[in-house]
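Thanks for passing this one along.

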Amino acid sequence: MNDDDRMLVPQPSPEARRWAMFCHYSAFFWFLVPMIGNVLGPLIVWQLKKDMDPFVDQQGKEALNFQITFSILLMICGVLAWILIGFPLMALISVVALVLVVIAGIRANEGKPYRYPFCWRFVK
């Protein structure tokens with residue numbers, strides 16, 4: 001894509017960028033409701049605002065898919081905790097997820113779509 005093509009792609013409105021950012025940052029609801037808050041936050045924001053703008057819809061799905069993937073990985077770490085490897089893996093996965101969510105929120109606020117690496121996409 002050259003510079004001329006970028007000019008043709010419409011930028012999301014400031015309000016759409018803000019709600020896309022909230023889709024990502026709502027995963028921090030996990031601190032209030034452990035175990036399911038990280039999925040509930042993006043799910044609620046996405047369901048309320050997905051019809052507002054295609055950018056919000058796309059970023060909401062991306063945030064939700066990542067949080068579902070993150071939850072599955074934490075459950076696997078919980079099982080692996082029986083052999084003690086799960087605890088360091090859980091810490092590592094949590095730190096990586098925290099960093100990726102912050103990056104995704106910043107990118108969404110800039111109006112740039114973000115795709116999480118290592119993410120299963122359940123919600124299409």
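The points below go from the whole chain to single residues.

1. First, the ground rules. This is a predicted model, in which local features need pLDDT of at least 70, side-chain atom pairs count only at pLDDT 80 or more, and totals for chains, interfaces and linings use all residues. Residues are numbered from 1 along each chain as its sequence is written, and side-chain values use heavy atoms, with hydrogens and water left out.

2. The overall fold. The protein has 5 helices and 0 strands, and its elements read α-α-α-α-α from the N terminus. Helices (H or I, at least four residues) and strands (E, at least two) are DSSP runs, numbered from the N terminus. The C-alpha trace spans about 55 × 30 × 20 Å along its principal axes. Taking contact to mean heavy atoms within 4.5 Å, 66% of the contacts between residues at least 6 apart in sequence join residues at least 24 apart.

3. Of the 124 residues, 35% count as buried; buried means under 20% relative accessible area, exposed over 50%, and partly exposed in between (1.4 Å probe, protein chains only). The protein exposes about 7,700 Å², and carbon and sulfur atoms supply 72% of that area. These areas come from the Shrake-Rupley method with a 1.4 Å probe, and for residues only the protein chains shown count as cover. The mean positions of the 11 positive and 9 negative charges are 7 Å apart. Here Lys and Arg count as positive and Asp and Glu as negative, while His and the chain ends are not counted; each charge is placed at NZ of Lys, CZ of Arg, CG of Asp or CD of Glu.

4. Gln 59 deserves a look on your screen. This residue sits in helix α4 and is buried, at 0% relative accessible area. A polar atom of the Gln 59 side chain lies 3.4 Å from the backbone nitrogen of Tyr 114. Beyond neighbours within four places in sequence, Gln 59 touches Ala 20, Cys 23, His 24, Ala 108, Pro 113 and Tyr 114.

5. Asp 57 is in helix α4 (residues 54-80), and its side chain makes a polar contact of 2.8 Å with that of Trp 46. A polar contact is a pair of N or O atoms within 3.5 Å; within protein, one must be able to donate a hydrogen and the other to accept it, and residues adjacent in sequence count only if both atoms are side-chain atoms. Lys 61, also found in helix α4, is in contact with Trp 46, Val 123 and Lys 124, leaving aside neighbours within four places in sequence.

6. Gly 105, in helix α5 (residues 86-109), is buried with a relative accessible area of 0%. Its C-alpha is separated by 7.3 Å from that of Phe 22, 83 residues away along the chain. Outside four places in sequence, Gly 105 contacts Met 21, His 24 and Tyr 25.

7. Cys 77 is buried at 2% relative accessibility, and Cys 119 is buried at 11%.
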